[in-house]
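Open the model in a viewer and keep the selection panel at hand. The stops below go from a sheet to a helix pair and then to a chain contact.

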Amino acid sequence: MVKVLLVGEGAREHAIASAICRSTQSPRLYAVMRLRNPGILDLCLKSGGDVAIGDSMDPGFISRAAERFSVDFVFIGPEEPLFRGAANAIEDMGIPCIGARREAAEIEMSKAFMRRLMWRHKIPGRLRFQAFKDLGDAIAYIEEYAESVAIKPARQAGGKGVKVIADFQAYLSKEKGHVKAEHAKAIESKYMRGYTDIEDRILIEERVEGPEYTVQMFTDGDSVAPFPLVQDNKNAYDMDIGPETGGMGSISGKGMLLPFITQEEYEASVDIVRRCVKALEADLGVKYKGVISGQMMLTPIWGPTIIEFYSRFGDPEGVNVLPLLRTDMVEIMEAIASGKLHKVKMEFEEAATVVKCFAPRGYPERRDLAAGHPVGIDADAIRAMGCEVFYGSVDLAPDGGMVTGGSRICEVFAKGDDLPEISDRIERCSPFIRCLDGWGVFHRSDIGSAALLNRRIEQSNLIREVYRYRMGKGLIGMEIDWIPGKGKIVHSDW
Amino acid sequence: MAGIIGLYGYDTAWKMARFIYYGLMALQHRGQESCGISTYDGERLLRECRAGMVDQAFGEAELEALRGWIGIGQVDPEPPNGGPPAKPSFAKCPLGLALACDGSAARALKAARERGLSAGDPQGALAALLSRELANGDPFEAIERIAGELGGACNFIALTERGEMIAYRGELGIKPMVIGNFGFDYGAVASESCALDVIGAELKADLSPGEAYLFTPWSIERRKVREARPRYCAFEYVYLARPDSIINGKSVYEVRMRIGEKLASESDVEGADSVLAVPETAIPFAMAFSNATGKPIGMGFVQTGRRVRSAIRPTQFERLVGVQLKLNPIRAAMAGKRVVLIDDSVVRGTTTKNTVKVMRNRMGAKEVHVRIGSPRIISQCPFGIEVPDRDELIAAHLSEEEVGKVVEADTFHWLSLEGLIEAIGLPRGSLCLGCFTGEYPEAL
């Protein structure tokens, strides 16, 4: 009897749990969770396992649970336990862990570390950047070089705190400069507050524009086993309007590709991630064992370009593809542990998928307002529609009721042949997810729609033309300026 | 008619006044007599209203004083009526709000009086009404109550002291209105998409007729408030809108190019040497006419001073000054030539006559064949476009041949109504063609 301990309490972990429980080896599932995720709880109990409720980010709590349940594998869902050394603690106990060691997980934790790694190893898809340890230096830089930039917390801060400013109109630069400086201050005082595990504080990157997509894969440190591509949608509201969220829903196409990404681009994307995994080993002497995802963008400068790395599945992106996985999860975990991932054949059900996230009103800006509402989810009715619900930020109360935790309540998954049809099917589930006190629940109706898809295809075609033109001119990955008095400046290395 | 815009920042660090200012500059063609901006700074509504053009009326000091990450603005073709300029309109109680409006709010006066609200002009009455109704509960129900009484020809954007922004497009959709977005930073609604372009925002969609958007600090909701009865204004495509705008899903530029093609197929001029446009609306008509007929296009006129919309100036004298300043002819483009002169509209015929006479009598054009990219304008517009009385509309009284003689053209042709409808490419039933036909979607 194989016993697996899963760490994490979101919809992504619910999807991982579900995939583990599909194994023909009927593993016993255990979980460490901060909240009682009803879906994960149910799977654990049905498989004969158990749960430990407590600080799911604390390596000590996790390893005590692993010891108490005497598990064979630990699968760490979210990034924060990895940053805190959960994988190191587990492996030091002699238990195989699916999840990167702290040193390797730095590829997600520190955006400055990631960029330096890519530049040092000359890996394609890298962006120009400056990292700042001091707020004053960052502001001085912003004032001097007011242009189109992305300003980010140097550390992964729960996906929050990134501001991308297109600054093309000189007549609006002053206002945008003000917002950039204010945002740098907010990064220091709000988003980076309490994080002492990193020296760099603020990262300023060149701004790029293009369609985004996520390439997720398992790795044992030597080879990679990729999943079908997924595309997430970050704006809170329909038509890509509204503030940034952790993701409001995502799509995947039939087969490995998205309708707007070519085979060549997919392979280039996988290769970039693979090269980064190898670069980590070369620099740190650590083999990356777990899940690694490239948050990619098709850009004029490179074609496939790294925006960020995840040391985990994306959420919601993982929820699109984990249900399609046909290869036995226990077999995959064994292969990762023994460094034989290249022998595993990754097989997926041939289907397109849509995931839509349902969030309480107030998310993402006012989680205080969004939290604490009793919520009802009719999972049977959703299943009857041919969809599946994965529970997110909800806590199961002792009386059996559920309460919102402030983030996305749940994610509804469906698969099929045709994205707009799948999207419509999920739309019909929306009455089944509601707050029982009348508080609003919202989701994006347009994810998977033909209109949104056409927009992405149009945008990709445009960007593809540009990067191919630049490729033809030998301009990939570089930019040439001519500055009076200084002459020609080639920005290809930095 | 007016130009209106509303911007809703998702981050309180934004200062939106300057974005609104540039957005209004992009909408300046929709109203050049007065302008105003109102913003919300988290505590209260601020407002600055001025007479004249946006870039002259607003300076650094005004923009700096207009704090806040949410705001609306309006440019208006009507000069302030006696009192100080006051658009966007303000209502103070029960709920403080500012309101920008495009189209006809005439019925708001009656609705306001019935509720015992004092109101000066229709737009002020609409602000007072909305203030009253919004104070009483659900915002969408409030909009629904008002929209029912307003008639379908009014668009508005309102900003409340609760930090909400409401955008509504009347169910007839006569006036255009679009929604867009800038990254994760702000949402935008505006009369035309060119205003979004100028401030770097991306056009997402037209508001459907009868549709309302409600922006709050933690949500954007869209609701169909009234059943759509689209009657999109055809004159927007001929003259009113900017060619870089996309309205009702149709590129204004493409429509104007098709109008030029229609003019060519309806009324080509055998043996003409050159095609010239009266700047600047008619330029795409002339380019397409030239492309379709193979007759070379030339540049016939240079404008002096700022871009002025001569047809919407309030007085005859100002219209004449506008036209004369706009049209300094280039002698070499027309002397000794048989010219096709293309213009966007003929209302009274006076400006066309002046132009043709100058071309022939002073510049030495051999022939002047006038082609107009608009069908005959024979009737007034009840929806806020300044069209003179029927008595003053030459097209309502004379045949093409007679007009040709009045303006002293060799030949004269108005675009056919069918030609315009085909050029726009929307079903006839979804267009308001009132100024060309005298038939309106609503009783006057």
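**Stop 1: the sheet in chain A**

Select residues 3-7 and 28-33 of chain A: strands β1 and β2 pair there in the parallel sense over five bridges. Strands (E, at least two residues) and helices (H or I, at least four) are DSSP runs numbered from the N terminus, and two strands pair if DSSP finds at least two bridges between them. In β2(A), V32(A) is the residue opposite V7(A).

This is a predicted model, in which local features need pLDDT of at least 70 and side-chain atom pairs count only at pLDDT 80 or more, while totals for chains, interfaces and linings use all residues. Residues are numbered from 1 along each chain as its sequence is written, with chains lettered from A and ligands numbered from 1 in the order in which they are written.

**Stop 2: a helix pair in chain B**

Select residues 106-114 and 122-134 of chain B: helices α4 and α5 pack at an angle of about 50°, their axes 7 Å apart. Axes are lines fitted to C-alpha atoms, for helices over the stretch in contact, and angles run from 0 to 180 degrees between N-to-C directions.

**Stop 3: between the chains**

Chain A puts 25 residues and chain B 18 residues into the contact, where two residues are in contact if their C-beta atoms, placed from the backbone, lie within 7 Å. On the side of chain B that touches chain A, α1(B) gives the most, with three residues.
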